[in-house]
Amino acid sequence: MHLGLSATYALALVTGALAVPSQELDTRQTPWKSTAITSHAEPWAFAFLPDNRIIVNERRGNMKLVDPVAKTQGTITGVPSVAYGGQGGLHDIALHPKYAENGIVYISYAESGSGGAGGAVARAKLTLSGSGGALSGLEVIWRHSQRASGGLQFACRLLFGPDGALWISSGEINQMTPAQSMTGNLGKMIKLYDNGTAFAGNPFASQGAIQAQIWSLGHRNPLGIDWDAQGRLWEVEMGPMGGDELNLIQPGANYGWPLVSQGKHYDGRTIPAHSTRPEFAPPKAFWVPVISPAGLIIYKGDLFSSWKGNAIITGLSSQSIVRVTITGDTAKEAQRISMGKRMRGIREDKDGAIWVIEDGANGRLLKLTPN
């Protein structure tokens, strides 16, 4: 959870190891035309269907079916009960790689239980009818290994990989130390088969059932994941007071939370910097003060041709879209575009247009195309 920025943190922007005054970034006019499609109550994520309609998840537990041409929306029923509160609720959505054949979708959400709330991932059959639809046969295939009160830092972004694996970015639900524990799946990148079983060849497969799920560890609140054209997995996560990170995810790597960070604890206590612990994988870029990253794409289209291969990140507290250039294994913020709203989800459509969704009440689904 990000709180207000201190005066000290507000003095400088830090990207990677280089302090760059914000006025030196690319501040040219907004590079796109923004078209509002629909408005939603606390939207969190969205996904494109093969017929170009769009599913939008709203955090209170509502799933909407959007017709982007008519700019209308209907309701999809059968959504499970969610633990709404804090940052919790209905979160991400992903289509099975063979959705056109099997109609299966995957959702992540916070669910209540003994000890509080934890993240869960379920799959279900989606049947569309008219302007809406219904989920049926819902099956929970993965859960956080523990729950906590407070409703913070579930993450649980969903992404299918080139090999058909399901990836889950698992937050540490504000418990910190479980991110380093190999006896639980909090604060980890998770790699599974589509039925929820651990993917063969995961780096800790020989250590036990929980460990077999884990691809990397030491994450705080990983809210964006995507592949680049080389098949590498990138991830953005919220740091504490300062220290948001863009990471290149490697098998078996430990990204250090909560033992290292470029930020501080909210009570002002310092955290050792990444440079003090070289055994932990350092971020490729980081931000002090925070941008509060909530979503990520690695742009692959042609509409914004000069952006191909760039990371495009939606920011909550920064109310911006942040563009980061990636060269080999290095990354650097190149542009920050003010949106005037907290920005949540982001996707790229098959034509290369960028779609984003605003956070909060009356959050708009926006289509961004070049000026």
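**Entry 1: strand E25 and its neighbours.** I began with strand E26 (residues 363–370), which runs antiparallel to E25 and is joined to E25 by four bridges. The model I consulted is predicted. Within E26, I found Leu366 as the bridge partner of Val356. I then looked up the hairpin of E25 and E26: four residues lie between the strands, and Gly360 takes a positive phi near 90 degrees.

On the E24 side, I noted that four bridges again link E24 to E25 (residues 354–358), with the strands antiparallel. In E25, Ile354 is the bridge partner of Glu348, and Glu358 stands opposite Met343. The hairpin of E24 and E25 has five residues between the strands, and there Gly352 has a positive phi near 95 degrees.

**Entry 2: burial of E25.** I checked how many residues of E25 are buried. Five of its five residues are. I recorded both faces as covered, with Ile354, Val356 and Glu358 buried on one side and Trp355 and Ile357 buried on the other.

**Entry 3: the sheet.** I traced an open sheet of four strands, in the order E3-E26-E25-E24, with antiparallel pairing. Strand E3 (32–40) and strand E24 (343–348) are the edge strands, each pairing on one side only. Neighbouring strands of this sheet are turned against each other by 20 degrees on average, direction ignored.

Entry 4: I searched for cavities of 30 Å³ or more and recorded one. The largest cavity has a volume of about 50 Å³. Among the residues lining the largest cavity I listed Arg220, Glu237, Met238, Tyr255 and Trp257. Its lining divides into five nonpolar, four polar and three charged residues.

Notes: Residues are numbered from 1 along each chain as its sequence is written. This is a predicted model: local features need pLDDT of at least 70, side-chain atom pairs count only at pLDDT 80 or more; totals for chains, interfaces and linings use all residues. Side-chain values use heavy atoms; hydrogens and water are left out. On a 1 Å grid over the protein atoms alone, a cavity is a set of points where a 1.4 Å probe fits but cannot get out, and a pocket is an open set with protein on both sides within 12 Å along at least five of seven lines; lining residues have an atom within 4 Å of a point. Grid points are joined across faces, edges and corners, and a volume is the space filled by probe spheres set on the points. Ala, Val, Leu, Ile, Met, Phe, Trp, Tyr, Cys and Pro count as nonpolar, Asp, Glu, Lys and Arg as charged, and the others, Gly among them, as polar. Two strands pair if DSSP finds at least two bridges between them. Helices (H or I, at least four residues) and strands (E, at least two) are DSSP runs, numbered from the N terminus. Axes are lines fitted to C-alpha atoms, for helices over the stretch in contact, and angles run from 0 to 180 degrees between N-to-C directions. Buried means under 20% relative accessible area, exposed over 50%, partly exposed in between (1.4 Å probe, protein chains only).
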